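Dear colleague,

Please find below the structure that I am handing over to you. My notes on what was found in it follow directly after.

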Amino acid sequence: MNSLLRIANVKKSFEAPENGVVNVLNGVNLEINPKTITSIIGSSGSGKSTLLHIIAGLDKIDSGLVEWQGDDITQWDDEKIATFRNTEMGFIFQFHHLLPEFSAIENVMIPAIIHGKSEKESNRLAKELLDEFELGHRIEHRPNQLSGGEQQRVAMARALINTPSLILADEPTGNLDEKNSSTVLKYLLSLRDRFNVSILMVTHDMSITEDGDFIFEMNDGKLLPI
Ligand SMILES: Nc1ncnc2c1ncn2[C@@H]1O[C@H](COP(=O)(O)OP(=O)(O)OP(=O)(O)O)[C@@H](O)[C@H]1O
Ligand SMILES: [Mg+2]
């Protein structure tokens with residue numbers, strides 16, 4: 001099977017004003033195949049979000065290889081990275097990052113419009129997705145009129161509108177109570193089969209990882225299978 005994403009021996013350090021250089025990633029290897037669910041756990045500050053930023057082309061690496069479908073993304077220019085991020089990836093964060101002044105349906109439509117779809121087509125797709133997430137009756141609500149779990153479901157619809165191959169989720173349930181967490185998680189895990197995507201999820205919650213295919217721990221700047 002051809003992998004979607006292959007990361008080999010990736011190193012990344014940050015200059016910290018007070019304590020010199022901090023080596024965050026110190027030889028990370030990871031391969032993601034189509035339609036798989038991968039979870040990453042690890043203590044706070046171990047570099048999990050940094051790794052997701054690198055995969056999204058938001059952070060530059062010091063050395064190593066980051067390949068998307070066999071192509072080295074570190075060589076791409078900003079425009080190619082921006083298109084890649086908008087079309088191949090969907091993002092779900094701990095805090096939904098929905099735009100507060102826009103309705104649920106407008107939030108979902110925006111990536112499609114940026115991608116060049118017409119307003120009519122974007123609206124149709126967004127409505128269809130919000131229906132899929134059982135939010136058809138909430139499409140005109142603004143984010144602050146929705147519950148935390150509903151906001152995350154809007155964020156999932158937004159992440160899917162451009163039919164990405166990979167969903168990156170950074171502690172998607174970290175800010176939710178137990179009931180909302182389990183609903184959001186149920187939806188998230190169902191995306192693989194419903195939308196033919198792979199999911200790469202960072203989490204603190206060990207119970208979450210049981211339903212995935214692969215689990216890694218970020219430890220001392222490396223990813224170790226567990
Ligand atoms: N832009 C930056 N400049 C300097 N240091 C940074 C920067 N981004 C991250 N770091 C440092 O890199 C380390 C890893 O951060 P990262 O956010 O990847 O951790 P994490 O595993 O996601 O933690 P958490 O579970 O708390 O979200 C931390 O020590 C952090 O302070
Ligand atoms: Mg983090």
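This is a predicted model: local features need pLDDT of at least 70, side-chain atom pairs count only at pLDDT 80 or more; totals for chains, interfaces and linings use all residues.

Residues are numbered from 1 along each chain as its sequence is written, while chains are lettered from A and ligands numbered from 1 in the order in which they are written.

F102 counts as partly exposed because it has 14 C-beta neighbours inside 10 Å. The classes are as follows: a residue is buried if 20 or more other C-beta atoms lie within 10 Å of its own, exposed if 12 or fewer, and partly exposed in between, with C-beta atoms placed from the backbone. Although F102 and P143 are 41 residues apart in sequence, their C-alpha atoms are 7.7 Å apart in space.

**The chain as a whole**

The chain contains 7 helices and 10 strands. The C-alpha trace spans about 50 × 40 × 40 Å along its principal axes. Of the 226 residues, 36% count as buried. Among the contacts with a separation of 6 or more, 72% are between residues 24 or more positions apart; a contact requires that the C-beta atoms of two residues, placed from the backbone, lie within 7 Å.

In helix α3 (residues 104-114), the buried residues include A104, I105, N107, V108, M109, P111 and A112. Their cover includes α2 (78-87), α4 (119-132) and α5 (148-160). Just after α3, G116 adopts a positive phi of about 105°.

In soluble globular proteins, nonpolar side chains tend to be buried together. Here the largest nonpolar core has 55 residues, of which V108, A157, L166, I167, L168 and I199 touch the most other members. Helix α5 provides the largest share of this core, 6 residues. A nonpolar core is a set of buried Ala, Val, Leu, Ile, Met, Phe, Trp, Tyr and Cys residues joined through C-beta atoms within 7 Å. Leaving aside neighbours within four places in sequence, L166 is in contact with L4, L5, I32, E88, M89, V197, S198 and L200.

G148 lies in helix α5 and is partly exposed, with 16 other C-beta atoms within 10 Å. Not counting residues up to four places away in sequence, G148 touches N175, L176 and N180.

**Sheet and hairpins**

An open sheet of 4 strands has the order β2-β1-β4-β5 and antiparallel pairing. Its edge strands are β2 and β5 (71-72), each of which pairs on one side only. Two strands pair if DSSP finds at least two bridges between them. β1 and β4 are joined in the antiparallel sense by 5 bridges, and I7 has V66 in β4 as its bridge partner. Strand β4 (residues 63-68) runs antiparallel to β5, with 2 bridges; E67 has D72 as its bridge partner, and W68 stands opposite D71. The hairpin of β4 and β5 has 2 residues between the strands, and Q69 in the turn has a positive phi of about 45°.

Strands β9 (residues 214-219) and β10 (residues 222-225) pair in the antiparallel sense over 4 bridges, with P225 as the bridge partner of F216. In this hairpin, which has 2 residues between the strands, D220 takes a positive phi near 50°.

Which residues are around ligand 1? They are F14, A16, V22, V24, G42, S44, G45, S46, G47, K48, S49 and T50, where a residue is near a molecule if its C-beta atom, placed from the backbone, lies within 6 Å of it. β1 (5-16), β2 (20-32) and α1 (48-55) each supply at least two residues of this shell, and α1 gives the most, with 3 residues. By class, the shell has 4 nonpolar, 7 polar and 1 charged residues; Ala, Val, Leu, Ile, Met, Phe, Trp, Tyr, Cys and Pro count as nonpolar, Asp, Glu, Lys and Arg as charged, and the others, Gly among them, as polar.

With kind regards
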